[in-house]
Structures are given as structure tokens and as C-alpha cells.
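Please load the model in your viewer and colour it by chain. The stops below go from a single loop residue out to the contact between the chains.

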Number of protein chains: 2
Amino acid sequence: MSLLVIGTVAFDAIETPFGKTDKIVGGAATFISLSASNFVKKTNIVSVVGGDFPKEAMEMLQKHNVNLEGLEIRENEKTFFWSGKYHNDMNTRDTLATELNVLETFDPKIPANYQDCDFLMLGNLAPAVQKKVINGLHKRPKLIVMDTMNFWMDIALDELKSTISMVDVLSINDEEARQLSGEYSLVKAAQKILALGPQYLIIKKGEHGALLFDKENVFFAPALPLEDVFDPTGAGDTFAGGFIGYLAETGDISFNNMKRAVIYGSAMASFCVEKFGTERLEYLTQTELEDRVSQFINLVQFDISLVDGIKV
Amino acid sequence: MSLLVIGTVAFDAIETPFGKTDKIVGGAATFISLSASNFVKKTNIVSVVGGDFPKEAMEMLQKHNVNLEGLEIRENEKTFFWSGKYHNDMNTRDTLATELNVLETFDPKIPANYQDCDFLMLGNLAPAVQKKVINGLHKRPKLIVMDTMNFWMDIALDELKSTISMVDVLSINDEEARQLSGEYSLVKAAQKILALGPQYLIIKKGEHGALLFDKENVFFAPALPLEDVFDPTGAGDTFAGGFIGYLAETGDISFNNMKRAVIYGSAMASFCVEKFGTERLEYLTQTELEDRVSQFINLVQFDISLVDGIKV
């Protein structure tokens with residue numbers, strides 16, 4: 001089924017304990033669509049870049065079946081730029097620079113032939129922009145997944161809640177879930193957030209895995225224990241891309257299939273962090289993905305049969 | 001198979017965001033043996049208390065099939081006492097008081113009819129004391145599990161490493177694994193620690209679950225997401241008690257059975273934190289335990305078949 005992705009296409013400059021980069025290609029829509037390309041045959045993206053955005057990067061995306069018809073190119077402006085430095089634990093980072101550039105006046109336009117969208121992924125952007133995309137679709141998608149961040153909770157909470165009420169799945173990290181709900185317990189936080197409207201909530205815990213909630217169920221997927229996390233940038237978006245890509249291709253939005261989608265998303269994220277930026281995702285093979293998913297199965301599977309009571 | 005537990009039997013005074021206690025019964029051997037009692041028919045413990053330790057607490061342990069023949073009672077001395085205050089996140093705590101009392105000169109004596117020990121659990125104690133217990137057994141147990149803490153890494157590292165080299169399973173938390181190995185990555189830390197001698201390593205991550213490593217495999221069990229964590233005191237020992245209790249009763253020390261044992265240990269720990277001290281463990285039923293284990297199964301189980309490649 002058709003997948004539409006809205007989000008930033010950007011430049012990042014990253015510093016980690018393992019090294020630092022010049023400006024490299026990043027952005028939520030970039031990671032999401034590269035990740036989703038392992039599952040869906042075509043990803044339509046809506047985003048904006050400046051004239052400084054390299055043609056090679058666009059060709060790389062197109063090679064991964066990303067349709068750039070909805071990518072606005074403003075020749076005389078500059079691409080969104082973010083720069084950050086990760087601390088030794090890789091779980092915290094300082095933002096060194098944020099240059100909005102083209103993003104400051106981003107007004108997403110949805111090409112006519114994107115209108116048959118069944119699955120919509122709203123990458124992190126101003127909630128008002130995310131809402132505009134939902135309202136710009138003539139037919140409501142079968143599933144809308146939304147990512148956001150604490151920044152919007154600080155400066156646009158009402159607009160954020162209003163947009164959250166329109167989506168099916170919200171994807172945020174543990175600190176954001178605590179901030180949005182005012183609850184420390186993630187179980188309590190989840191129930192409060194689900195009361196805002198979404199049917200499903202994903203709470204990402206970085207190296208500690210991810211939780212999927214609906215009102216009755218909870219599912220947990222660990223992060224794969226890795227020897228080295230080289231660069232966490234884009235891991236959350238890569239997770240989201242694998243999650244919605246798997247759902248879009250299978251067309252099944254049951255809780256059981258979402259559990260599989262969380263595992264595929266986690267597997268994709270585990271690749272993302274192995275290299276700087278999108279590097280690892282650009283050359284990923286289906287065999288590698290399959291091997292990785294089988295590592296997840298081995299990591300968590302156990303056989304306890306409770307049919308006849310506890311067997312001891 | 002027979003289980004021998006060495007560790008403290010103590011008084012705790014605990015303060016959490018949910019309330020505070022006077023002196024209540026605690027100690028590693030107490031939590032371990034109460035937890036193990038859900039699996040094994042008899043637990044032999046070796047420990048020491050003062051004349052101030054309440055008869056009712058000893059009777060409560062005996063009701064849970066804990067054999068106190070190896071519990072030395074020094075009538076004119078006082079029981080080991082620890083007092084701590086948990087921070088709001090429940091993951092960190094301040095020690096308010098530590099009174100070693102009888103523990104200062106604890107010299108464990110193993111009763112003759114404890115000598116047929118197949119499974120030995122070394123609760124956290126000075127590594128020299130733990131080693132003395134191993135050397136005091138005429139026949140090496142089938143499995144020795146050892147718990148320890150950062151304190152011994154700070155003041156008795158060589159003795160600690162020497163004792164670690166004698167055991168089969170080491171159980172420590174993530175920060176301790178990092179300190180002991182000098183590696184931030186838990187995967188690298190595990191391999192360095194396994195090189196010290198143990199065949200298996202359990203890394204406990206509190207609310208983030210637990211990892212079981214051997215040289216080739218890794219297994220992950222989440223902690224159950226709970227609405228409230230009331231008091232984390234004893235959770236690690238309760239985990240260890242469920243782990244070794246399950247292994248002792250099944251007599252199977254394969255990696256596959258250790259995975260089940262980790263799940264049972266995690267289920268036991270999830271009860272422990274629901275009330276202050278040992279309260280929740282004292283009145284636990286087999287039905288409640290079975291329900292909890294089935295929650296763990298639901299929490300992590302998913303069905304992805306890779307037999308014919310990735311199904312999308």
C-alpha cells in the first residue's frame with residue numbers, strides 16, 4: 001500500500017566519541033524513507049531543501065525508490081542544518097547549531113498523485129505543519145503515525161495535543177512521554193497519552209528498547225546489545241521508517257502485526273547507529289536484515305508452557 | 001536439588017517517595033530464600049543475626065521452607081542494619097546508615113548436612129567470605145551463582161576477581177559491569193568479565209530488564225512495566241532467588257533453561273517492588289506467579305517466521 005512521508009531533508013554535522021563529520025545528509029524524512037525502502041516499493045516524500053542540497057543525495061534516495069515529486073527545491077535558499085555533539089554515554093547530546101533556513105517558511109504541498117496515500121508518516125515538524133498535511137489529504141489514510149519531540153511540548157503544547165488527537169500512532173521517547181503526561185511511570189504515562197486520542201503509543205527508550213501500548217496491551221522490544229554505537233542520529237526515524245514501512249507493505253494494522261513492525265523497526269535502528277548518518281542504510285541488503293531480525297528472535301525467545309501450570 | 005544460600009539476614013529502614021518504614025526485616029539471604037521458596041522444597045541458609053532479630057521473622061522464613069540450622073544467633077550482639085532513601089526516579093538511592101554489627105566478624109560455618117549442596121547462591125558479602133564458603137564445601141556444587149557490588153570493586157578488587165574466577169554465574173548490575181570491565185558497551189563488558197572465569201554473566205538493568213550472556217549467546221528479559229514501583233530494595237536478590245530456585249528445582253543448567261530461569265527471576269522481582277521489604281513475597285500464591293509469567297510471555301512474544309525469508 002502507498003506510503004507518504006513528511007519530514008525534514010537536511011544537513012547534519014555530528015560529533016561522537018568515535019569521530020566527527022562535516023555536513024552530511026540527514027533529516028527525518030531521509031532516514032524514514034531510506035528505512036521504509038526495505039519494505040515498500042515506493043515512498044512518496046514531501047519536504048523542502050535549498051539549492052545547496054546535493055544532486056547525488058537526491059539520486060541516492062531515488063535509487064531507494066523514494067519519489068521526490070513532493071520535494072520542493074528553493075534554489076536561492078539554504079537547506080535546514082543541525083549540528084550536535086554526543087556525550088560519552090551516547091544517550092545525551094548537546095545541540096551546537098540549528099539553522100532553520102528553508103524550514104522557517106515550509107508550507108507543505110501534496111502533489112495530486114500522492115492523494116491515494118494509505119499510510120502517512122509525520123516526521124518531527126511543527127505540529128501545525130503536521131496537521132496541515134493531514135487536512136490536505138482528501139481521504140483519511142488507513143493509518144497515521146506521528147513523531148514529535150519535547151521542543152513542541154515546550155512552545156506549542158495546545159497545537160501539539162490537537163494534532164496528536166488526529167493520529168493513530170504516536171511515537172515519542174521516554175522523557176517526552178513523561179513530560180507530555182506528567183507521569184513518571186511509563187504505564188501511567190501511556191494511558192494518559194492514549195486518552196488524548198491515538199489508539200497506539202510507541203515509547204522509544206534508546207538503548208533500552210521500545211514499548212508499544214494500546215489501551216489493553218503492552219509489547220516490549222529490546223534494542224540489540226551492540227559492541228559499539230557509533231552515531232545515534234536518525235535511529236528514532238529509522239525505527240519509525242521500518243515500523244510504518246512494514247505495516248504499509250503488509251497492509252495489516254492489527255496489534256499482532258504492529259508487534260512485528262516494532263521488531264523490524266528495531267532491527268533497522270540497530271543498523272543505523274553502526275555508521276555516521278545514513279551510510280549504513282544506503283548499502284543494507286535483505287540478507288543482512290534477515291540475519292538481524294533472527295538475532296532479535298534469539299535475543300528474546302524462550303519457551304515456557306503454562307498450559308499445565310508452572311513446570312518446575 | 002538442594003539449594004544453599006549465603007548472605008545477610010538484616011534490618012532495613014527504607015524511605016521512598018511513597019512512604020517510609022521503621023526497621024523491617026531484609027537482607028540478601030532473606031530475599032533470595034523467600035523467592036527461591038516458590039520453586040524449591042527446601043532452602044538451606046548460612047547467615048548471622050543478633051539477639052535483637054525477631055523470632056516471628058525466623059518463623060516466617062521457616063514457613064517458607066527455609067532451613068535456619070546454619071543461621072548463627074549471637075544473643076549479645078546486634079543484627080546488621082542498613083538504611084537508605086530512594087530518589088524520585090527509584091533508580092538511585094542514598095545510603096543513610098550502615099551498621100555492620102554481627103557482620104563485622106561473620107565467619108560462615110556450614111552445617112554437616114548442608115554438604116550435599118548442588119546449587120550454591122553467594123549473596124553479596126565480602127568476596128573473601130564468599131570464597132571461604134566455596135572452599136568449605138567438600139564437593140563442588142553443580143552450579144555456583146555469585147552476586148556482588150561496586151563496593152568490593154573499590155576496596156577488594158583482587159580478592160573479588162579471585163572469587164569470581166571460582167563461580168559459574170556472576171550477577172551484577174550495568175554500572176558494576178562497566179566498572180569491573182572498564183568498558184561502556186555491555187557487550188564488550190560481558191566478554192571481558194566472562195574472561196575472568198564465569199561461564200555465564202547476568203547484567204541487571206533495573207527497570208530496563210536483565211541480560212544473560214555466555215561466550216556465544218545473549219538473552220534479554222525485560223522488567224515488567226509497572227504502574228508503581230513502591231520499593232526496589234531486594235529486587236536484585238529476589239531476581240537471583242527466582243533464578244537459582246528455578247534452576248535448582250529443574251536441575252537443568254543449559255542456556256535454554258537459564259533463559260526460563262531469568263524470566264522466573266524477573267517475575268519474582270516484579271512482585272518484590274510492589275510493597276515495602278519482603279511483604280509482597282510473604283503472601284505470594286502460585287496462581288499469581290503463573291499470571292505474572294504469562295504477562296511476561298505476552299510482553300515479548302511475537303511471531304516472525306524467517307523460514308522463507310522476510311515476509312512482507
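In which loop of chain B does Asn65(B) lie? Select Asn65(B): the loop that holds it runs between α2 (55-63) and β6 (66-74) of chain B. Before going on, note that this is a predicted model, in which local features need pLDDT of at least 70, side-chain atom pairs count only at pLDDT 80 or more, and totals for chains, interfaces and linings use all residues. Residues are numbered from 1 along each chain as its sequence is written, while chains are lettered from A and ligands numbered from 1 in the order in which they are written. Helices (H or I, at least four residues) and strands (E, at least two) are DSSP runs, numbered from the N terminus.

**Two asparagines**

Asn65(B) is not a glycine, yet its phi is positive, about 60°. Asn65(B) counts as partly exposed, with 15 C-beta neighbours inside 10 Å. The cut-offs are these: a residue is buried if 20 or more other C-beta atoms, placed from the backbone, lie within 10 Å of its own, exposed if 12 or fewer, and partly exposed in between.

Next select Asn101(B), in the loop between β8 (93-99) and β9 (119-122) of chain B. Its phi is also positive, near 50°. Asn101(B) has 20 C-beta neighbours inside 10 Å and so counts as buried.

**The sheet of chain B**

Now show the strands of chain B. Nine of them form an open sheet with mixed pairing, in the order β6-β5-β1-β9-β10-β11-β12-β13-β14; two strands pair if DSSP finds at least two bridges between them. On average, neighbouring strands are turned by 15° against each other, direction ignored; the axes are lines fitted to C-alpha atoms, for helices over the stretch in contact, and angles run from 0 to 180 degrees between N-to-C directions.

Select β11(B), residues 169-173. Four of its five residues are buried, so the strand is largely enclosed by the rest of the structure. On one pairing, β10(B) (residues 143-147) runs parallel to β11(B) over three bridges, and Met146(B) stands opposite Leu170(B). In another, β11(B) and β12(B) (residues 200-204) are parallel over five bridges, with Ile172(B) opposite Ile203(B).

Contact here means that the C-beta atoms of two residues, placed from the backbone, lie within 7 Å.

**Helix α7 of chain A**

Switch to chain A and select residues 186-194. Leu186(A), Ala189(A), Ala190(A) and Ile193(A) are the buried residues of this helix. Seen down the axis of α7(A), they fall within an arc of 100°, so they line one face of the helix; the arc is that of the directions from the helix axis to the C-beta atoms. They pack against β11 (169-173), α6 (174-181), β12 (200-204) and β13 (210-213) of chain A.

**Where the chains meet**

Show both chains. In all, 37 residues of chain B are in contact with 37 residues of chain A. On the side of chain B that touches chain A, α11(B) gives the most, with eight residues.

What rotation superposes chain B on chain A? It is one of 180°, with 0.0 Å of shift along its axis and an RMSD of 0.0 Å, superposed by least squares on the C-alpha atoms of residues with pLDDT of at least 70 in both copies. That is the relation of a two-fold axis.
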